[in-house]
Amino acid sequence: MTEALKIAKRINKLSDINVFENSRSSKVVEVRSLLNKILYDFKNMTLAQIRDFYRNTGKSMDHATVLHSLRNFNMYRMYNPKLNEYFDEMLKQHELSTKYEKQKAIEQKIKYLSDKNLDKAHALVNKLFTKELIG
């Protein structure tokens with residue numbers, strides 16, 4: 001089983017929504033967007049690879065639909081708190097093994113920090129960066 005399919009099955013189980021269902025209901029579209037976000041940002045799959053992944057599972061999909069889904073993911077997160085829970089849980093379950101995956105995980109979380117916590121994160125990153133430079 002491919003890693004993308006494993007991720008999809010975890011999302012299906014976590015959300016109790018089948019991302020391969022031929023439905024345009026908001027709950028399915030939003031959870032499918034979560035899967036696309038993880039595949040694109042953390043598994044470094046291209047739009048065409050994601051499209052092909054869906055097609056191989058029997059789900060009709062084109063790369064423009066995948067792109068639309070990715071572009072709307074953050075909006076979906078703002079209005080659907082469950083999507084944030086699923087996203088956080090998927091990041092906890094997923095072993096962030098590469099530098100790229102870790103950077104992407106941090107980028108996603110920083111977007112939702114308050115100004116106060118963003119200032120703290122910025123100070124910490126500056127401190128760590130300076131430490132890396134000095135040795």
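These legends describe an overview and several close-up views of one predicted protein model.

The model is predicted, so local features need pLDDT of at least 70 and side-chain atom pairs count only at pLDDT 80 or more, while totals for chains, interfaces and linings use all residues. Residues are numbered from 1 along each chain as its sequence is written, and side-chain values use heavy atoms, with hydrogens and water left out.

**Overview. The protein chain has 7 helices and 0 strands.** Helices (H or I, at least four residues) and strands (E, at least two) are DSSP runs, numbered from the N terminus. The pattern along the sequence is α-α-α-α-α-α-α. A box of roughly 55 × 30 × 25 Å, taken along the principal axes, holds the C-alpha atoms. Of the 135 residues, 37% are buried (under 20% relative accessible area, 1.4 Å probe, protein chains only). Among contacts (heavy atoms within 4.5 Å) with a separation of 6 or more, 56% join residues 24 or more positions apart.

**Surface view. Carbon and sulfur atoms contribute 53% of the accessible surface.** The total for the protein chain is about 8900 Å² (Shrake-Rupley method, 1.4 Å probe). The chain carries 25 positive and 16 negative charges. Lys and Arg count as positive, Asp and Glu as negative; His and the chain ends are not counted.

**Close-up 1. Helix α4 packs against helix α5.** Residues 63-79 form α4 and residues 81-93 form α5. Their axes are 5 Å apart, at an angle of about 115°. Axes are lines fitted to C-alpha atoms over the stretch in contact, and angles run from 0 to 180 degrees between N-to-C directions. The two helices are therefore roughly perpendicular (65 to 115 degrees). From α4 come Phe73, Tyr76, Arg77 and Tyr79. They meet Pro81, Leu83, Asn84 and Phe87 of α5.

**Close-up 2. Helix α2 packs against helix α6.** Here residues 26-42 (α2) face residues 99-110 (α6) at about 135°, with axes 9 Å apart. Lys37, Tyr40, Asp41 and Phe42 of α2 make the contact with Tyr100, Glu101, Lys104, Ala105 and Gln108 of α6.

**Close-up 3. Glycine 58 sits in the loop between α3 (47-56) and α4.** Glycine 58 is exposed, at 60% relative accessible area (exposed means over 50%). Lysine 43 is 15 residues away from glycine 58 in sequence. In space, C-alpha to C-alpha, the two are 21 Å apart.

Notes: Charge placed at Lys NZ, Arg CZ, Asp CG, Glu CD. Parallel < 35°, antiparallel > 145°, perpendicular 65-115°, else oblique.
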